[in-house]
Amino acid sequence: MAQSRIEILQGTLDLMVLQTLQTIGSQHGYGIARRIEQVSGKTVLLNQGTIYASLVRLQQRGWILAEWGASDNNRRAKFYTITKAGRKQLAAEAENWQKLSEVMARMFSQTGEDIA
Amino acid sequence: MMRRWWSRIRAVLNRRAGEIDFDEELAAHVEMLVEQYRSEGMTEPEARRAARLALGGEAQTREVRREAAGWPLIESIAQDLRYAARTLRRDLLFTSMVTLTLTLGVGMNSGVFSFVSSEVMRAPVQRDPATFFRARLEDITPPSEGRSPFPPGRRRFRLATNEEYLAIRDQARNFESVTAFFEIRPVLGAGSTTEIRAQLTTCNYFHVYRLRTPLRGSLFSADDCARSGSAPIVVIAEQLWKDRFASDPSVVGSVIRLNDVPLTVIGITPMDFDGRDNRVAAWIPYTMQSQLIEGGDLSRQGRFWLETTGRLRPGVTHSQAEAEVRTIVRQIDQMHAPRVSRVEVNNGARMYAPFFREGNRGLIVISLVLGLVTLIMLIACTNVTVLLLSRAAARSREMAVRLSLGAGRLRLFRQLLTESLLLAVIPFVASLFVVRWLPRAMYRWMALDQPRNLDPDWTVFAYSMGAAVLAGLFAGFAPALETLRLDLSGVLKGTTMTGSGKSRLRPLLVSAQLAMSMVLLAGAGLMMHTLYRLQTSSSLAGARSVMAIPLPLQSLKHSADTAASLRGRIEEQAARLPGVSAVSFSSNLPLGSASRSTSVTLPEETPARGTPRIAYLNEVSPRYFDTVRVRLLRGRVFAAAETQRRTEVTPAVIGRTLALTLWGLQDPIGKRFILGGRLCETAGIVEDTLEMQWNQGMASAGGAYLPYHSQEGINAYLMVRFEGDAKALAVSLRSLIGQAEPRLQPRPMTIAEHSQEHVDRFTVFVTCMAVLGALGLVLACIGVYGVVAFSVVRRTKEIGIRIAIGARRADVFTLVVRSGLGPVLGGLAAGLAITMAVAKVLPYIRLPLMGLSPHDPLTLGAALVAVIAPARRASRLNPVSSLREE
């Protein structure tokens, strides 16, 4: 179990949060955390608290907005929405990731003979 | 970007509001998690626990978020500062004691640095110091090729030739202006013997030194330097105008005589003019050189005579200018092969002067002085360390509580360091006043000329800051470590105090303090000893009964024969004056700055290689040894006939040290050596006099006396040993000399008076060192007392039990003294070792220091008192109350 979970990097978490907000729209901290866990199939090791550091950072960069609202069962909660700048950033970062992961995949798929 | 900063700033400012807001958000999150887990079938408490786990702890989440939100470092530092300020305010007595101690250490250190910096490190001009430069040349011709006029093995700094000056002035593009000057000591007024300091300068001199308007009259114009001898004019200093011309305004336009050359005074410089180097009283165009001094036209012979200074163009650095001058000088060197010169362009500070460069003397002196004051600062810091340590004990419970509540040790450590740094803030501020005040006070006290550039610059500021930070960290580091090294459960249960485990720190502190103060005292003791020797040494004690009168017959342009007969007449008549027991002539004063030294070799040695031995040289008439009372140890002094004419081999009387240097333990009488190019034969050995020791150092081989040739050496001192009233004798000598040569109007002074300034300066210096040493010792003793007293407090319970079960007072006393004494002895041993090491360095700088006798008994005695006092107190403990204490 322990081995199959991935420790995630700070920047990566920011990206996950952005992507989540892009897909499901306005959401509160708990919702975002739960969504990430679900999507990752619980392979991501997440202290849900760290979501909030990420949310603060994204807010400071102006990529998300926050406002108080009511949750599904009428609880007061803070809801976060992705901004235009946030979408742009996400697009750029996503492309980066795509490239990087392709490169990484190729790197790892290489065998000794390929190099020779 | 701006927005991110802004939101961070806002986060810092609105921290409270933001956090309350977040608390609510977090609570909602927890509730949602709980609901989720409950719906998965957990009980309420189980769900809550699981929620907290999933979140990773509420407090931690807050911390993580806070770090992301604000500037975590700045914010937490601000928090530390607030907390530290609160803590320090709570214990005002403690805080003020610590502050006072640190202020003493930091203030003194910075003040002395400020003094040193203004004295030796800054450009010697007040106006516009940043652009000032001095170009210095050094002859680096390899000895095998060159006919270098300098002895090998030493730095051969030299002045510039006219050719070099003109080339630099005309070709260099990095300079706004370049001036050159040569210092002379002409006699002022016809028939007088008063020498003044004057400079032969280029005509833009005043522009370079930024004097725009003179006090009266005018300054040089460019034409004045156009042709040799064309402008017989002089600019004089206000001081000279006051002293010699009673501030008479009609002096401007009148003619005065310098070395008997008539010069028209065209202007007067104001008192605060900073072009002067130590009381230069007159400036003359350098094209007047061949009229004013003997030796022909220096400008035509490729002679090294000009000192070159000037101003850089704005934005040009000294090293850029240096590169340019190097190219120019290299071209000139090529025309004078095999000469090779090194060029240096610096800010003209005294630390670049040859005297300070020789053997890194300047660096060593500066680091010794700053090292001593830093030692005092560290001793003071150690005292503060002791205070902080005892407070660490008192705060152990607070720390234990904070630690068990989850504060990080690193964070607490930082908090404690913040506290000690905060303690250094007031000392720093205080030192900013000291750096302005102390140098001025020191100059006033020493009655020295103030340097032109006395206001502290940024280096002084940085130094004070560094000293304060160092002091704060040094004082607080160890206590902070100690505070956090506590036994949590023990402290919380109240059974142990902090650091009651064996602490190696405190004894170490005692040792360090004593070692430091020992070094300090040894230094001070050394100086005092030197002063004592100086004032009681035979030659100086006698110096009050020897009159020395300069007879500058050369300046009066007498022929050698007339001069000789004049001198003979004066000598004869002076000897007949009442109270006079011996009369002689000497080319130099026995003690003073006008010392002459020259190289000494053995005839069989090849002169080129190796470090030359430098010996002191004084030419004296036979009765000199009686007059000044230099004891003859072996052989004989000169015969009267030997002073009449030169012989191929010059008889010499040499000091014991020189004899030892040259021939070891062999009999020196009749042995030959070469002194300044003259072949000499040892006739007698005399005891070393102070002047010889004064210059004793690596290269000095002692002193030698040669016969004073009445036909040649023309300027000389008449030396008269007398008993009785000096004033009466001075009057009769004066009239006697006036009758022999009316143009001579000397002011007879005793040797002691002549050298007074020399000795006075040194006395002031020594007194400073002694005061510093004493201060260090007092501080160290306070420290030792503190440590021992603290250890008594810590062991109160133990001692109480010992007394309760029957230990006698004497036992307790011995116990405490014994445990206190170990580190004391260790410290003294370490101090002695360091002192010895430092003492080894001293001779290399050829400072006037003599004999080494560290006053260890004093240190030991003081330290004993500091140990015994708390021990006595411990032995009088009341066991009942001491047991109740905890």
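A polar contact is a pair of N or O atoms within 3.5 Å; within protein, one of the two must be able to donate a hydrogen and the other to accept it. In this predicted model, nine residue pairs, both members at pLDDT 80 or more, are in polar contact across the interface of chain A and chain B. The two chains bury about 2,200 Å² between them.

**Interface of chain A and chain B**

- Chain A contributes 23 residues to the contact, and chain B contributes 25 residues.
- Carbon and sulfur atoms give 53% of the area buried between chain A and chain B.
- Tyr30(A), Tyr52(A) and Gln60(A) account for 31% of the area that chain A buries against chain B, more than any other three residues.

**Salt bridge and contributing elements**

- One salt bridge is found across the interface of chain A and chain B.
- This salt bridge joins Arg76(A) to Glu24(B), with the closest N and O atoms 2.8 Å apart.
- Helix 2 (29-40), helix 3 (50-61) and strand 3 (76-82) of chain A each give two or more residues to the side that touches chain B.
- Helix 3 of chain A provides the largest share of that side, six residues.
- By class, the side of chain A that touches chain B comprises nine nonpolar, eight polar and six charged residues.

**Sheet of chain A**

- Three strands of chain A form an open sheet in the order 1-3-2, with antiparallel pairing.
- Strand 1 (27-28) and strand 2 (64-70) of chain A are edge strands with a single partner strand each, so one side of each lacks a neighbour in the sheet.
- Strand 1 and strand 3 of chain A run antiparallel and are joined by two bridges.
- Gln27(A) has Tyr80(A) in strand 3 of chain A as its bridge partner.

Definitions and conventions. Residues are numbered from 1 along each chain as its sequence is written. Chains are lettered from A and ligands numbered from 1 in the order in which they are written. This is a predicted model: local features need pLDDT of at least 70, side-chain atom pairs count only at pLDDT 80 or more; totals for chains, interfaces and linings use all residues. Side-chain values use heavy atoms; hydrogens and water are left out. Contact means heavy atoms within 4.5 Å. Buried area is the accessible area (1.4 Å probe) that two parts lose on being put together, summed over both. A salt bridge is a side-chain nitrogen of Lys or Arg within 4 Å of a carboxyl oxygen of Asp or Glu. A polar contact is a pair of N or O atoms within 3.5 Å; within protein, one must be able to donate a hydrogen and the other to accept it, and residues adjacent in sequence count only if both atoms are side-chain atoms. Helices (H or I, at least four residues) and strands (E, at least two) are DSSP runs, numbered from the N terminus. Ala, Val, Leu, Ile, Met, Phe, Trp, Tyr, Cys and Pro count as nonpolar, Asp, Glu, Lys and Arg as charged, and the others, Gly among them, as polar. Two strands pair if DSSP finds at least two bridges between them.
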